[in-house]
Amino acid sequence: MNVIKLEHVSKTFGRETDGVHAVRDVTIHIAPGEIFGIIGYSGAGKSTLVRCINLLERPTAGTVTVDGQELTRMPERELRQARKKISMIFQLFNLMPSRTVEQNVAFPLKGSGLSREETRRKVLELLELVGLPDKAEAYPSQLSGGQKQRVAIARALASDPKVLLCDEATSALDPQTTQSILRLIKDINQKTGITVVVITHEMAVVKEICHRVAVMDKGRVVEEGSVFEVFSNPQQPVTRSFIATTSNLGKIEELIAANDPIVAVKPGEIVARLNYGQSNVSEAAISEVSRRFNVDVSIIFSNTEILDGQPLGGLVALISGDKVGEAIGYLSEKNVMVEVLKRG
Amino acid sequence: MGDLLSSIIPNVVARAPQFWKACQETFQMVGIVGLLSVFIGIPFGVLLFTTKPGGILQNRPIYFVLNKICDIFRSIPFILLAMILLGLSRLVMGTAIGVKGAIIPLTFATVPFLGRQIEGALAEVSEGLVEAAQAMGCSPWEIVWRVYLKEATPGIARGVTITLVSLINFTAIAGAIGAGGLGNFAIQYGHQKSLPDIMWTVLLLIVVMVSLVQAIGNAVVKKTTH
């Protein structure tokens, strides 16, 4: 049972022959309650793809099914009804400047059959939920970026949607505010079980909240899987380059190329990069090989994180001793990926 | 008070009944045509904007026609427009002179003018707001009411203000070709009979009217901008 099913979705702007192929044959299934990330550089087609989910962009081919309803077959009127259960938040918030926070949050409730009091109560509950109970009378121009996005989230939740689409929702925010907004989305996801689709170009966002991720490049989904799978064992260059943006393990190559004294090796020493690709390894492996094979391991860079509850990352170290070779062999057996970058 | 006025503007006081009639006629023309142009010009501008290619109600033929109407009527100098519309005025209103005769040419001049102002005001509304409303399931007409018209209120108020100011200007010109009103009064007595106090009184009155319209417009803009 998937709440969102995109089957062979393509979107071409302009003519088939010389138009822009923004999305090419994308198939994605998203389960209820999931936080699904779509990451890609700008121009990869991710914003167009997310607009194909609520049909703000009508796909030129393929089908879109949300909550059991095939949107691509619906007439406009029904589609508008269906959209009320698919909310969206935006990079630039898109709040109505002439309306107060309360009126903004109440915007989607018009025509919902709620009385004035019921609407007001619901709006205040939502403002409470997003942490802005005292801003009901304020205008958007009086709020900070983070507060505006909170209001936008409250507005998005007003129609009790099944799905929340986040289009670069944190890209205009500073890192701290980004964190707080992501925490809020995660919270809401846990409390309400709403399915969330997150479009971003920031690795950090995917790491912070997503369960599964699809990597987009030139309109195609080139890699898809659990966040841990995809980032522990990237298959595509574009995925690797995203990982590199949040890791410092790549810097070692520059140091080696520049012959930096930090990486000067004596005979018998090696510089190696160790990557923990699997959940059962941890930093303890280092002290283990060090004891067992009597080698010295001096760490130059280290970068590990907890992704989806599992450690991911690795380190670059200078390893010296008589049994370096055996130590490497042992680590490989333990599913640590070892790359020898320089030998003395 | 009466003595004071008779000493400053003797000729106006001497023609007080004609003066008051002229004032009334100007107010009538500005009032009636002002209302008409708001009620026709705003929908005209909304259609002009939304039927444009890429607009939410895009429709090439309608846009083409409206756009051309706008261009043509806006390029004809008002005095010539009033003359070519004499026949239509006689047909529709039964007369081509007086306040009644002035309504058709004034409306034809102000509606396309206001239409363009409205078009510009709506263009100021961020595309993001429209997209957000579409994502919330709003229909095109809901978007017109709840997003474009509501969010463009300050711009619309500005457009209406500018239109009313030009309308006051047009009524004076209409006076020259038989519409009555303050313009006619100033031309007939101030200019042709060389009575400068009449000319200056009318000018002062028009300046006051324009300033008042502008002040009200500015207040509305200020109140609706957040």
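**Figure 1. A close-up of Lys11(A) and the residues around it.** In this predicted model, Lys11(A) touches quite a list of residues, even with its neighbours within four places in sequence left aside. Among them are Val20(A), His21(A), Ala22(A) and Val23(A), along with Thr48(A) and Cys52(A). The list also includes Glu57(A), Arg58(A), Pro59(A) and Thr60(A). Lys11(A) itself sits in strand β1 of chain A, which covers residues 4-13. Is Lys11(A) buried or exposed? Its relative accessible area is 9%, and under 20% counts as buried, so Lys11(A) is buried. And what does its side chain reach? That would be the backbone oxygen of Arg58(A), at 2.9 Å.

**Figure 2. Lys46(A) pairs up with Glu168(A).** Side chains of opposite charge can pair when their charged atoms come close. Here the side chains of Lys46(A) and Glu168(A) meet in a salt bridge, with 3.5 Å from N to O. The pair ties together distant parts of the chain, 122 residues apart. Lys46(A) belongs to helix α1 (residues 46-53) of chain A, whereas Glu168(A) lies in the loop between β7 (163-167) and α6 (175-192). Lys46(A) counts as buried because its relative accessibility is 5%. Glu168(A) is at 8%, so it counts as buried too.

**Figure 3. A salt-bridge network in chain B.** Which residues are linked in this network? They are Lys52(B), Asp71(B), Arg116(B) and Glu119(B). Start with Glu119(B) and Lys52(B), whose side chains meet in a salt bridge at 2.7 Å, N to O. Glu119(B) is in helix α7 (residues 98-123) of chain B, while Lys52(B) is in the loop between α3 (16-50) and α4 (60-75), and the two are 67 residues apart. Glu119(B) is buried, with a relative accessible area of 9%, but Lys52(B) counts as partly exposed at 24%. Next come Arg116(B) and Asp71(B), which form a salt bridge at 2.8 Å, N to O. Arg116(B) is in helix α7 and Asp71(B) is in helix α4, 45 residues apart in chain B. Asp71(B) is partly exposed, with a relative accessible area of 36%.

**Figure 4. Where chain A meets chain B.** How many residues of each chain are in contact? There are 21 from chain A and 17 from chain B. Together the chains bury about 1900 Å², 59% of it on carbon and sulfur atoms. On the chain A side, Arg80(A), Ser98(A) and Phe107(A) lose the most area to chain B, together 28% of what that side buries. The count between the two chains is 2 salt bridges, one of them joining Glu151(B) to Arg99(A), with the closest N and O atoms 2.8 Å apart. Polar contacts show up as well, in 7 residue pairs across the interface. α2 (76-83) and β6 (86-89) of chain A each supply at least two residues of the side that touches chain B. That side of chain A divides into 10 nonpolar, 4 polar and 7 charged residues.

**Figure 5. Val147(B) touches residues of both chains.** Val147(B) is in helix α9 (residues 140-151) of chain B. Since its relative accessibility is 0%, Val147(B) counts as buried. Leaving aside neighbours within four places in sequence, its contacts include Met96(A) and Phe107(A) from chain A. In chain B, Val147(B) touches residues including Val125(B), Leu129(B), Val130(B) and Ala133(B). Ser126(B) is 21 residues from Val147(B) in sequence and 9.6 Å away in space, C-alpha to C-alpha.

Key: Residues numbered from 1 in each chain as written. Chains lettered and ligands numbered in written order. Predicted model: local features only at pLDDT ≥ 70, side-chain atom pairs only at ≥ 80, totals over all residues. Heavy atoms only, no water. Contact = heavy atoms within 4.5 Å. Buried area = accessible area lost by both parts, 1.4 Å probe. Salt bridge = Lys/Arg side-chain N within 4 Å of Asp/Glu carboxyl O. Polar contact = N/O pair within 3.5 Å; in protein donor to acceptor, adjacent residues only side chain to side chain. Helix = DSSP H or I, 4+ residues; strand = E, 2+ residues; numbered from the N terminus. Nonpolar A, V, L, I, M, F, W, Y, C, P; charged D, E, K, R; others polar. Buried < 20%, exposed > 50% of the residue type's maximum accessible area, 1.4 Å probe, protein only.
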